[in-house]
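Student: I have a structure open and some terms to sort out. Can we go through them together?

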Amino acid sequence: MKKYITIAASLLLVISCNTKEAKKENNMDISKNPLLVQSTLEYGTPDFSKIKAKHFLPAILEGMKLQNEAIEKITQNTDAPTFENTILALEESSKKLDAVTAVFSGLAGAHTNDTIKANQKELAPKFSKHSDDILLNTKLFAKIKTVYNNLSTANLDAESEHLVKEYFKDFTKAGANLSEEKKEKLKEINSEIASLSNDFGKKLLDASKKGGIVISDKAQLKGFSEEKIASLEKDGKYEIQLINTTQQPSLQTLENREVRKQLFEKSIHRADAGDYDTSDLVKKMVLLRAQKAQILGFDNYASWSLQGTMASNPETVFNMFKNLIPGSLEKANSEIKEIQAEINKEGKDFKLAAYDWNHYAEKVRKSKYNLNEDEVKPYFEMTNVLEKGVFYAATKLYGITFKKRTDIPTYHPDVVVYELFEEDGSKLGLFFGDYFARDSKRGGAWMSSFVKQSKLRNQKPVIYNVCNSTKPAAGEPVLISFDEVETMFHEFGHALHGFFGNQKYASISGTSTARDFVEFPSQFNENWSTHPEILNNYAIHYKTGKVIPAELLQKIKDAGTFNQGYSMIENLCSSSLDMKWHTISVNDKIEDVAKFEAEALKSMNLNVNEIPPRYRSTYFAHIFSGGYSAGYYSYLWTEMLSHDAYDWFKDNGLLTRENGQKFRDQVLSKGNTMDYAEMYKTFAGRNPEAAPMLKARGLK
């Protein structure tokens, strides 16, 4: 969740550009472009009944032009630099561009098409140049520096003073203090990285959409329900598409081992050979990032990137890994023995492989905890989970209420809209929920905003959550797994962070925080999914109407620590790969991506054959096309915070309005307005500890 000047990293998925069409779009009458006209809908919500893909490119180019004109006005002003004529003017220079790119980025991820993909390709280097032209503008930085140096006498309020410091930090980090020669070199590198990142996203999208398996014989799908098989049928055959992670959900239920192996091999090799090979892109990007770090005066990219985060440097991150790996390996090895014993019990004589893990782990879970996913799913009907679970928890904690809106235009028929209200009935914002997978949507789950909270701009938030649950056949209930339930709670935790933003300035509002803090509210919100009062309110059998039995609830909780060694190792593998790629120097020669990956995992004692990384390098979108380079560790870091915070809630009465209000006031409403460690300590009264996370995962 960054300021506009770093937005290029969020434009993830790209294919080839149609230049002729782009020129045609740019010649449209700007005054009639619905993206450039203030929406008449409530909350300034984008009017998707009027917005077409052809409107994006000319609107974005116009937004860039308007910002450039505003920047020029700042730099040409002969008056002494002040907060108002420099910092405030810079903050508001991107207002129109923010509005347009928020919609563009939303659809690029959730409902893309050929025009949007072509626009992304065209815009990637333009965004990079636009960002650099601002961040490396010598005259502009000189004015910012003057305001920064005069803070002691400026008499600003705390938020405005923090905004000055943030701009000074961002410009300094980007290279504003470099010589003109180095700035030009840095611009070249940034532009090339942006193009390579978009090429990576394009190849990965194609690899995932086209890289699955097609089964002709229905008998090979044994283990799937008839409903699941029906959802896979295309032209008399059955297609299983890939999701973004290494392990595929279908591996859990597929009984045919050869089919499991085929699907797993397709997944793990989706982007390391042939037309979709991203290996060269990976090698080029990591080297360019190392060169960028060197120009900026750092030994490696991670050292540069981690400025301003809670971790602050690679050494802290690697120390976290080293503290987590031994216990995780011990737990994983015990799980390997359990699963191998299950295989042997069936009379099979093969050794556990990665593509067997989910299938037999589920059998162990059923045996050990007597928990069957098919027994659980009927209690998790998606609308109940959302309205009587996710929303109900928010009402209990924060007093907010929800009303479904059917009169707000959406970008796809599957999208649902709710209006949020404060406890006193005043309006809080609008929420868009987009929960079903489709070909026009990238994999994974995420949150973002169409309109960000800002008192200065008189904006209340319009926020969306995107997930990828399978849409059932027409007339069938939408039953989801408990993992998907937790994902819905997680993403709405992000939404709450955005809704409760209480800032004057959009660029530091809500979720505009460091990567190793932004996942904290979302992971914390997952805890409420199993709180008895919450779960008993939403876990209602879709046929009988009965609440989930206490014994089944206990099974879910007991099973919560199952497979956690595996979960930690696959995460640590990917997190370590990220840090290893981004701590190379400019002198390191990477000839073979797979070899580098194997050596990196071995050096961390993470080369466990049965447990592959959650993402291999060649399809690691988070770090090569998603803005999380040298930042994937943040999921583990913020998980530590989330469990520690939940322990505080346990010590203080758990699910109470008083506790929720304190968390809202001291964490969720703060945005990026203070030091994160200080923010957490103000809330909890102490520094966070790892013990609650290890206990929650069954590692201690």
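**Cavity and helix packing**

Tutor: The largest cavity is lined by Met 447, Ser 449, Lys 452, Gln 453, Pro 461, Ile 463, Gly 498, Ser 509, Gly 510 and Thr 511. This is a predicted model, where local features need pLDDT of at least 70, side-chain atom pairs count only at pLDDT 80 or more, and totals for chains, interfaces and linings use all residues. Residues are numbered from 1 along each chain as its sequence is written, and side-chain values use heavy atoms, without hydrogens and water.

Student: What makes a space a cavity?

Tutor: On a 1 Å grid over the protein atoms alone, a 1.4 Å probe fits at its points but cannot get out; lining residues have an atom within 4 Å of a point. One cavity of 30 Å³ or more is counted. The largest holds about 50 Å³, the space filled by probe spheres set on grid points joined across faces, edges and corners.

Student: Why is α6 called oblique to α7?

Tutor: Helix α6 (residues 138-149) and helix α7 (residues 158-174) pack at about 140 degrees, with axes 10 Å apart. That angle makes α6 oblique to α7. Under 35 degrees is roughly parallel, over 145 roughly antiparallel, 65 to 115 roughly perpendicular, and the rest oblique. Angles run from 0 to 180 degrees between N-to-C directions, with axes fitted to C-alpha atoms over the stretch in contact. Helices are DSSP runs (H or I, at least four residues), numbered from the N terminus.

Student: What about α4 and α5?

Tutor: The axes of α4 (residues 95-110) and α5 (residues 114-135) cross at roughly 135 degrees and come within 12 Å. Therefore α4 and α5 are oblique to each other.

Note on methods:
On a 1 Å grid over the protein atoms alone, a cavity is a set of points where a 1.4 Å probe fits but cannot get out, and a pocket is an open set with protein on both sides within 12 Å along at least five of seven lines; lining residues have an atom within 4 Å of a point. Helices (H or I, at least four residues) and strands (E, at least two) are DSSP runs, numbered from the N terminus.
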